[in-house]
Amino acid sequence: MKKGVILYVTGRKEDVFSGSGPDLSSLLQQLGVQRIHLATSEDDISDGWWRMVAQGVQEVCCLRARYNPIEAKLEPEGRSMRLCG
């Protein structure tokens, strides 16, 4: 079963999409998912959910994350909320 997570980024959102953005490969392993979508608004969450479901992801969760620009890392925080699956 494919799993995906939508990371709702808080804090300095503009740094996430700059050239020195986060490395998502380590997060894939850490969270145990096959797909990650970054969101900075509620519309991005809806879009990410739709894209994942269209790509065959059966379980989609949403989790808040803070971007640490010094280490160029996303730090998941709080509890995840299952959106489907």
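Q: Which residue in β3 is the bridge partner of Ile 6?
A: Cys 62 is the bridge partner of Ile 6. This is a predicted model, where local features need pLDDT of at least 70, side-chain atom pairs count only at pLDDT 80 or more, and totals for chains, interfaces and linings use all residues. Residues are numbered from 1 along each chain as its sequence is written, and side-chain values use heavy atoms, with hydrogens and water left out.

Q: How many bridges join β1 to β3?
A: Eight, between residues 3–10 and residues 59–68, and the two strands run parallel. Strands are DSSP runs of E, at least two residues, numbered from the N terminus.

Q: What is the strand order in the sheet?
A: The order is β2-β1-β3-β4, in an open sheet with mixed pairing. Two strands pair if DSSP finds at least two bridges between them. The edge strands, β2 (35–39) and β4 (73–84), each pair on one side only.

Q: Back to cysteines. How many disulfides are there?
A: A search of the whole structure finds zero; a disulfide is a pair of cysteine sulfur atoms within 2.5 Å. For Cys 62, the nearest cysteine sulfur is that of Cys 61, 8.7 Å away.

Q: Is Cys 62 buried or exposed?
A: Cys 62 is buried, because its relative accessibility is 10%. Buried means under 20% relative accessible area, exposed over 50%, and partly exposed in between (1.4 Å probe, protein chains only). Cys 61 is buried too, at 13%.

Q: And Leu 83, where does that lie?
A: Leu 83 lies in strand β4. With a relative accessible area of 33%, Leu 83 is partly exposed.

Methods. Helix = DSSP H or I, 4+ residues; strand = E, 2+ residues; numbered from the N terminus.
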